[in-house]
Amino acid sequence: MKAQQNGRGSNDAPHGCENDRLSGRLLAKFVPLNVRASETEDGMTVVPARPSEWMSPVTSQEPASAIIEINHVSQVFQTSARKDHLALSDISLTIEEGAFVSILGPSGCGKSTLLYIVGGFVSPTSGMAKIRGHAITAPGPDRGPVFQEFALFPWKTVLGNVMYGPRQQGVRTAEAEAQSRALIEMVGLKGFENFFPKELSGGMKQRVALARTLAYHPEVLLMDEPFGALDAHTRTRLQNDLLNIWERDRKTVLFVTHSVDEAVFLSDKVVMMSKSPGRIRQVIDIDLPRPRRRNELLLDPQYQKYVVDIERMFDESDEAGAPT
Amino acid sequence: MMMSPAVLTRRAAPVLACIGLLAVWQVASLALKNDSFPTAVEAVRAIPDILGDKESLTNILASLRRMAIGFGVAVLVSIPLGLLMGRSRAIAAFFNPLLMVIYPVPKAALMPIIMLWLGVGDVTKTLVIFLGVSLPVIYHSFEGAKAVEEKMLWSGAAMGLSPAQRLVRIVLPAALPEILTGCRTGLVLALITMITSEMIARQSGAGNILFNALDMGQYDTVFAMIIIVGAMGICLDAIFERVRARLVRWSEPQFDMPLSFS
Amino acid sequence: MMSRLLPSNLVLGIAPIVLVIALWQGLVSFGFAPAVLLPPPGFVFSRLLQQLVTLTFQQEIAATLIRLFAGFAIAVVLGVSIGIAAAASPAINAVVRPIVRVLAPLPKVALYPALLLLLGFGHGSKVTLVAADALFPILLSTYYGASTVEQKLIWSAMAAGTPRYEILFKVVLPAAMPSILTGCRIGLVISCIVVFLAEMITSTDGLGHALVTAARTFQAVDMFVPLITISLLGLILNGLLGAVRSYLLRGFPEA
Ligand SMILES: Nc1ncnc2c1ncn2[C@@H]1O[C@H](COP(=O)(O)OP(=O)(O)OP(=O)(O)O)[C@@H](O)[C@H]1O
Ligand SMILES: [Mg+2]
């Protein structure tokens with residue numbers, strides 16, 4: 001398996017500058033299916049607890065530091081039918097600053113829930129999530145969500161939606177408007193400033209949602225299947241747009257998706273989750289050069305191997321039946 | 001939600017609310033010391049006098065009978081009309097403006113005119129109640145039928161249902177929650193129309209007792225009558241709610257969703 | 001809905017109104033109903049126009065409108081604020097819900113005698129009655145609208161740094177607006193009905209009073225005039241509310 005090769009490679013890697021960066025991302029990423037809490041505490045965390053000693057996972061030369069830490073988070077939902085439903089079980093994950101991390105997993109495995117916990121919208125039943133060492137207790141403008149359902153304010157125009165964040169941050173109207181117009185242009189919606197969301201197509205709404213979140217400069221973008229409802233063409237275009245924006249601003253991105261292609265194409269790191277209860281199955285580093293061009297990447301055997309391997313891993317878990 | 005203490009509190013809450021409102025009344029009347037504002041206790045004490053009086057009781061029962069007939073006939077006529085309007089643009093376009101003209105007219109205000117033609121009998125009062133109930137029921141049936149998903153009807157047609165069968169077998173059940181909302185509004189309106197029409201005609205019935213007492217300065221009776229009429233409204237609504245819950249168990253409870261901020 | 005009616009639909013819609021008037025005329029012309037009981041429509045409408053320009057009748061309309069607006073405005077303010085508060089706070093909800101369950105189905109006209117005794121025979125009692133009657137549809141639909149606001153809208157605003165109490169005004173209120181306006185439409189119709197009834201029961205002015213005066217003197221024509229006037233008022237107010245609605249909801253789908 002590719003993943004195992006990576007693991008071995010990382011252990012063998014010498015501590016040079018470029019290789020060090022790689023090794024940092026590749027060390028100890030393979031958490032078995034059923035990690036018991038004790039094991040995890042014994043250092044089998046998904047990402048080493050002290051990532052600062054490695055280089056940033058991306059091409060930047062700054063040392064990487066953990067921006068988000070998820071420590072032993074579990075989430076239990078009370079449902080009327082089944083009494084208690086364990087949606088997330090003992091999730092630990094560290095996300096480094098500036099990293100593009102995707103979460104992949106079958107439907108219902110708790111991807112959205114995990115994202116909401118990081119967003120501060122849902123507080124976990126046990127464990128905690130931290131941003132820059134501070135416990136996350138409430139939503140804040142340092143973490144900007146982009147929801148699958150767009151969640152645009154229907155009573156505001158495109159401009160009004162994008163201006164909402166800056167205005168809320170106390171930016172003066174004129175300035176907020178200028179910034180917002182620039183952002184709207186950046187996401188390719190110049191000329192649609194005064195349209196209402198209902199007058200836009202799905203892809204356009206998604207761009208507005210992205211612009212609205214970018215407008216208040218969150219350090220972390222939390223994107224929940226943002227391109228799930230789009231046609232293949234729009235999806236590709238938006239993926240490229242997102243990568244361009246990310247490469248320029250180097251925000252940390254936590255990106256939930258169902259599409260293996262998309263995850264591999266976009267990410268530095270892919271977190272694979274398994275279902276019932278939701279656990280982290282594996283974390284896979286994607287060692288593909290940036291900036292990534294879709295037409296080059298599709299022909300790249302390394303890229304293809306990542307996709308095939310990850311898909312195979314999902315198939316295997318399906319054959320093995322539902323995990324305990 | 002399924003726990004019995006929760007159900008208990010929910011059952012008990014309206015009763016507590018009633019007691020609370022009566023207590024507020026009691027305190028207010030004691031504080032105001034107004035001759036024309038009896039205390040809650042005095043008003044409640046006057047209730048047996050009214051219900052014990054044979055004439056009053058027959059009057060009240062006659063009111064209820066008129067209301068039941070007016071309501072029943074209105075529902076039977078209005079639901080089919082509303083459903084037809086909801087499924088046919090032409091029928092909707094035909095009736096909508098007329099209904100919009102009639103809607104804001106207080107039906108009880110038609111009493112004096114209808115009285116000119118039909119006299120002050122049961123027919124007039126029942127007719128007025130009928131008119132009062134019809135409009136909300138038509139309106140809600142219309143809205144409900146309009147919102148029925150086209151695909152459901154298509155699959156019905158594919159199964160070989162005739163248009164009339166589709167109306168009865170698909171549109172009616174699908175629109176039922178909305179129709180029942182209309183019926184509930186209609187029920188309250190029936191009570192309002194009943195009282196006001198009797199207040200205006202001043203012949204018999206609950207509204208008449210209420211205003212005669214007012215004219216004669218029997219304030220205890222006035223407030224006792226208010227309690228009786230109010231109790232009628234609350235009981236009818238509670239009964240209706242029971243029936244509604246039975247009929248549309250599959251539909252989501254409309255007003256039971258808490259708003260979550262976290 | 002009305003704005004999208006095609007001209008052919010308009011004709012179709014006018015048809016029943018014309019039919020009713022024709023039937024009315026027919027009844028009178030063919031002697032089925034004596035003119036004393038059922039005056040011919042032409043007579044009624046000319047009387048209406050004649051009345052509309054007189055100062056006294058205008059004063060009646062003004063009295064009715066003042067009561068209607070005052071009561072309706074109170075109902076909107078109270079209904080929207082209580083509805084939103086009940087949706088936002090479990091504590092307020094626990095208090096408001098049972099009280100509403102008791103008071104909503106209570107026929108408010110039955111309270112009118114009590115209001116008369118407490119507030120006198122002037123504007124106060126009538127305005128209170130209108131407000132009490134229009135309150136509950138507005139309150140209930142506000143509550144419904146506010147409790148079904150999409151969670152993600154609230155989350156989006158919170159993530160942008162909106163404090164919790166501001167969420168009520170910046171997200172919940174505008175998002176519940178379609179539902180609130182539906183409640184207002186029902187409340188407005190009820191206000192029209194109730195203000196007229198209150199004036200019929202006891203009043204010295206207003207359209208309802210005009211009807212009662214005519215009824216006492218068996219002036220059938222003058223009984224029709226206030227009824228048609230209140231119907232026209234209802235139509236106009238409904239139209240105005242519709243205009244407000246389509247402005248406020250211009251961003252919402254299917255508004
Ligand atoms: N509010 C809730 N109440 C009860 N159960 C919930 C709630 N939210 C989520 N769940 C349950 O938690 C589990 C995880 O849900 P979640 O939405 O996080 O899944 P997901 O991985 O995002 O799925 P999808 O890919 O379909 O979006 C599901 O089994 C779901 O039934
Ligand atoms: Mg999800």
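**A helical chain and its partner in a predicted model**

From the N terminus on, the elements of chain C run α-α-α-α-α-α-α-α-α-α-α, a total of 11 helices and 0 strands. Helices (H or I, at least four residues) and strands (E, at least two) are DSSP runs, numbered from the N terminus. The model is predicted: local features need pLDDT of at least 70, side-chain atom pairs count only at pLDDT 80 or more, and totals for chains, interfaces and linings use all residues. Residues are numbered from 1 along each chain as its sequence is written, chains are lettered from A and ligands numbered from 1 in the order in which they are written, and side-chain values use heavy atoms, with hydrogens and water left out.

Confidence is considered next. The model scores ipTM 0.82 and pTM 0.81. For single residues, pLDDT is the predictor's confidence, from 0 to 100. Its mean in chain C is 88, with 96% of the residues at 70 or more. Within chain C, helix α3 (residues 55-88) has the highest confidence, at a mean of 94, and helix α1 (residues 7-29) the lowest, at 80. Over residues 1-5 of chain C the pLDDT is below 50, and this stretch has 4 contacts in the model beyond near neighbours in sequence; a contact means heavy atoms within 4.5 Å. Chain B averages a pLDDT of 83, and 93% of its residues score at least 70. Residues 253-262 of chain B stay under 50, although the model has 33 contacts beyond four places in sequence for them. Where pLDDT is low, the predicted coordinates should not be read in detail.

The C-alpha atoms of chain C fill a box of roughly 75 × 55 × 30 Å along the principal axes. Of the 255 residues in chain C, 53% are buried, where buried means under 20% relative accessible area, exposed over 50%, and partly exposed in between (1.4 Å probe, protein chains only). Among the contacts in chain C with a separation of 6 or more, 71% are between residues 24 or more positions apart. Chain C exposes about 11,000 Å², and carbon and sulfur atoms supply 74% of it; accessible areas come from the Shrake-Rupley method with a 1.4 Å probe, and for residues only the protein chains shown count as cover.

Helix α5 (residues 112-119) of chain C is largely enclosed by the rest of the structure, because 6 of its 8 residues are buried. These are C:Y112, C:P113, C:A114, C:L115, C:L116 and C:L117. The buried residues of α5(C) pack against α6 (123-147) and α9 (177-201) of chain C, and also against α9 (206-215) and α10 (219-247) of chain B. Just after α5(C), C:G120 takes a positive phi of about 85°.

Helix α9 of chain C also holds C:E199, which counts as buried at 1% relative accessibility. The side chains of C:E199 and C:T64 are joined by a polar contact of 3.1 Å. A polar contact is a pair of N or O atoms within 3.5 Å; within protein, one must be able to donate a hydrogen and the other to accept it, and residues adjacent in sequence count only if both atoms are side-chain atoms. Leaving aside neighbours within four places in sequence, the contacts of C:E199 include C:R67, C:K126, C:D205 and C:H209.

In chain B, B:S63 lies in helix α3 (residues 54-87) and is buried, with a relative accessible area of 0%. A polar atom of the B:S63 side chain lies 3.0 Å from the backbone nitrogen of B:A206. Not counting residues up to four places away in sequence, B:S63 touches B:M194, B:E198, B:G205 and B:A206.
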